[in-house]
Amino acid sequence: MPELPVRPLALEDLTLAYAAALNDPLVVRWTLARHRSWTLDSATAWIAQRQQTGHVLGAFLEGRHIGTACLFKQSYTLRRAELSYMIWDKTCWGRGYGTALVQSACLAAEHLGFLRLVADCAQANAASQVVLERCGFIQTGRGRRRSWRDWWGTASIYYARVFARQRDA
């Protein structure tokens, strides 16, 4: 797996290239981001909102922001969080950076005290399935991920990763 620096994402890290990627149908085809148009201001506002309610990590290659992971819908009572992630720079696809980003997000979640991390991906998104399974996630079910814009939903696979402290307890 390649080395990929991952750190909390600062709003100053966001660029016009990031906003442009969010408008690229190929980049966002598996995400809910596909339902809107993005500007740098709207992308910055969205990340700022995520930072208030969760943790946002940025992946950097040679100092350049190439991907983002979010830990959201966090429950410190249940000690669980949800994970979303995206390598948005298409020149970095297929090189192991998604796996490196998710591994770093798992380490962050465990460091924050979460015992369970859940994620989902479209059944047609084979690359994301490989990333999650390489990072120790197991399939927990299948269903349809729905949104108010996509009532029929996307056929999805649900995953979970349980950290060692919970298995040993």
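Q: How much space lies in the largest pocket?
A: The largest pocket holds about 1,400 Å³. The volume is the space filled by probe spheres set on grid points, which are joined across faces, edges and corners. The model is a predicted one, in which local features need pLDDT of at least 70 and side-chain atom pairs count only at pLDDT 80 or more, while totals for chains, interfaces and linings use all residues. Residues are numbered from 1 along each chain as its sequence is written, and side-chain values use heavy atoms, with hydrogens and water left out.

Q: What makes a space a pocket and not a cavity?
A: Both are sets of points on a 1 Å grid over the protein atoms alone. In a cavity a 1.4 Å probe fits but cannot get out, whereas a pocket is an open set with protein on both sides within 12 Å along at least five of seven lines.

Q: Which residues of the lining lie nearest the centre of the largest pocket?
A: Trp30, Thr31, Ser84, Tyr85 and Met86 do, out of 50 lining residues. A residue counts as lining if it has an atom within 4 Å of a point. Strand S4 (residues 80-87) gives the most, with seven residues. Strands (E, at least two residues) and helices (H or I, at least four) are DSSP runs numbered from the N terminus.

Q: How is the lining of the largest pocket divided by class?
A: It has 30 nonpolar, nine polar and eleven charged residues. Ala, Val, Leu, Ile, Met, Phe, Trp, Tyr, Cys and Pro count as nonpolar, Asp, Glu, Lys and Arg as charged, and the others, Gly among them, as polar.

Q: Why is Val6 called partly exposed?
A: Its relative accessibility is 24%. Buried means under 20% relative accessible area and exposed over 50%, with partly exposed in between (1.4 Å probe, protein chains only). Val6 therefore counts as partly exposed. Val6 belongs to strand S1 (residues 6-8) and touches Leu57, Gly58, Ala59, Leu101 and Ser104, leaving out residues up to four places away in sequence. Contact means heavy atoms within 4.5 Å.

Q: Why is Asp89 called buried?
A: Its relative accessible area is 10%, so Asp89 is buried. Asp89 sits in the loop between S4 and H4. Beyond its neighbours within four places in sequence, Asp89 is in contact with Arg64 and Ile66.

Q: What makes the phi of Glu62 stand out?
A: Glu62 is not a glycine, yet its phi is positive, about 50°. Most residues other than glycine have a negative phi. Glu62 is in the loop between S2 and S3, and at 80% relative accessibility it counts as exposed. Lys73 also has a positive phi, near 45°. Lys73 is in strand S3 and, at 55% relative accessibility, counts as exposed.

Q: How do you know that the buried residues of H5 line one face of the helix?
A: In H5 (residues 126-134), Ser128, Gln129, Val131 and Leu132 are buried. Seen down the axis, the buried residues of H5 fall within an arc of 160°, so they line one face. The arc is that of the directions from the helix axis to the C-beta atoms. The face turned away from the buried side carries the exposed residues Ala127 and Arg134.

Q: Which residues touch the most other members of the largest nonpolar core?
A: Leu4, Ile66, Leu83, Tyr85, Val102, Leu117 and Phe137 do, among 30 residues. H4 gives the largest share of this core, seven residues. A nonpolar core is a set of buried Ala, Val, Leu, Ile, Met, Phe, Trp, Tyr and Cys residues joined through side-chain atoms within 4.5 Å.
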